[in-house]
Amino acid sequence: MPPEPPATPLASASPTPTTASPTPVASPTTTRPAPTPTRHPTATPRPTVASVLARMPLAARVGQLLMVGVPAAGSSDAALRQLGRYRVGGVILTGRSHAGTAATAALTARVRAAVPGPAVLIATDQEGGAVQVLKGPGFPLMPSALSQGRLSPAELRARARTWGGQLRAAGVRVDLAPVADTVPAGAANPPIGAFGRQYGSDPATVATHAAAFAAGLADAGVVPTAKHFPGLGRVSENTDVSSGVTDRVTTRTDAYLGPFRAVIRTGHPFVMMSSAVYSRIDPTRPAAFSPTVITGLLRNDLGFDGVVISDDLGAARQVSAVPTGERAVRFVAAGGDLVLTVSPATLPAMFAALYDRAVRDPAFRAQVDRSAQRILLAKQRLGLVAGNG
């Protein structure tokens, strides 16, 4: 079993010494005394991804790969202490809150203070319509993605910039949006279409509007997340509440991949994996556990080298037959980076499984290192890599 996760913050990097300015020599013809040399204070260099990663023990690196649910309406001190004990890399605000910006900012500040090391990435689902976790003062109601799809891309980008600014003011730096899934017109689609979460019924419309939403968030300093790769628009069941959910249409060259490609091209988004099975790509495994989908299709075919995040692996019915810790291992082994679980109760098992596999398997440990590096790079872009020490 892994050792107890470290309870003390990481040591700060040693400062680089500076050399005092040399003392000027007085001219032989002058009687003025030599001026007092100017001494510059020693500056502490800004931490880099390489320096932070080099100082991290394995337990801290594993912790970076976990994003854990915290109720958006508030959390207990005991729950926050558990996040700190495991040095989690991220938190997702779950449920619904009507408390507004100030209360959410207070919660995110408590979360950040509870976790030593690089600052926690705090995320939520702020899509609009039926899926808007944060409401109340400072968070006006957002229209559904289907309604957003009727705006011009320029107008949508401007609105997304405003919505992103609201999130940033509350300490939320990752939005698990936009939905890049395309639901064909008239299709019965429980996870997306039933709630109007799609921007339209054709990939071209979804691509332009998902990219506009993503760009607006990025303008505000919030990381967008294209989901649910390679698409949940053509399934007939919801992976949150059903098992055996399978897409029998999507291929590796499908036009419905276009919206994901468009969001990726906007800059440095995250990409969230679907947990459905795609029988024409990899019929044996859910996409979140498939090297063919994550490494082959997303990383190699689409050229994505950013952070790959899972859909929920804690409570989703689709993956419930897989032991809790093994879900995290399979995702990372397939090429994923950030394991998302809405259930804090699953954190110990997921941490232990990742740690144990990394200790036993050098190739898996190298994958943990690569994933931690990608996550730290994302934090560096947001100015969060220094964190709490």
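Q: Within what distance do the axes of helix α10 and helix α11 come, and at what angle do they cross?

A: Two packed helices are described by the angle between their axes and the distance between the axes. In this predicted model, the axes of α10 (residues 324-333) and α11 (residues 347-360) come within 7 Å, crossing at roughly 50 degrees. The two helices are therefore oblique to each other. The crossing in which α10 passes α11 is right-handed.

Q: Which residues of α10 and α11 make the contact?

A: From α10 the contributors are T324, G325, E326, A328, V329 and V332, and from α11 they are A349, M350, A353, L354 and R357. Sorted by class, this contact of α10 with α11 holds 7 nonpolar, 2 polar and 2 charged residues.

Q: At what angle do the axes of helix α6 and helix α7 cross?

A: The axes of α6 (residues 153-169) and α7 (residues 203-219) cross at roughly 35 degrees and come within 7 Å. Here, α6 passes α7 in a right-handed crossing. On the α6 side the contact is made by P153, L156, R157, A160, R161, W163 and G164; on the α7 side, by T208, H209, A212, F213, A215, G216, L217 and D219. The class count for α6 with α7 is 8 nonpolar, 4 polar and 3 charged residues.

Q: In what order do the strands of the open sheet lie, and is the pairing parallel or antiparallel?

A: A sheet is read from strand to neighbouring strand. The open sheet has 3 strands in the order β7-β9-β12, with parallel pairing. At its edges stand β7 (225-229) and β12 (308-310); each has a single partner strand, so one side of each is left without a neighbour in the sheet. From one strand to the next, the twist averages 30 degrees.

Q: How many bridges join β7 to β9?

A: There are 3 bridges between β7 and β9 (residues 270-273), and these strands run parallel. A226, for instance, has V271 of β9 as its bridge partner. Helix α9 (residues 291-301) packs on the sheet and touches β7, β9 and β12, its direction making about 150 degrees with that of β9.

Q: What average pLDDT does the protein have, and over which residues is the pLDDT below 50?

A: Confidence is read both overall and along the chain. The protein averages a pLDDT of 90, and 88% of the residues score at least 70. Over residues 6-41, however, the pLDDT is below 50; this stretch has 38 contacts in the model beyond near neighbours in sequence.

Technical notes
Residues numbered from 1 in each chain as written. Predicted model: local features only at pLDDT ≥ 70, side-chain atom pairs only at ≥ 80, totals over all residues. Heavy atoms only, no water. pLDDT = per-residue confidence, 0-100. Contact = heavy atoms within 4.5 Å. Axes fitted to C-alpha atoms, helices over the stretch in contact; angles between N-to-C directions. Helix = DSSP H or I, 4+ residues; strand = E, 2+ residues; numbered from the N terminus. Parallel < 35°, antiparallel > 145°, perpendicular 65-115°, else oblique. Left-handed = near helix turned anticlockwise from the far one by under 90°. Nonpolar A, V, L, I, M, F, W, Y, C, P; charged D, E, K, R; others polar. Pairing = 2+ DSSP bridges.
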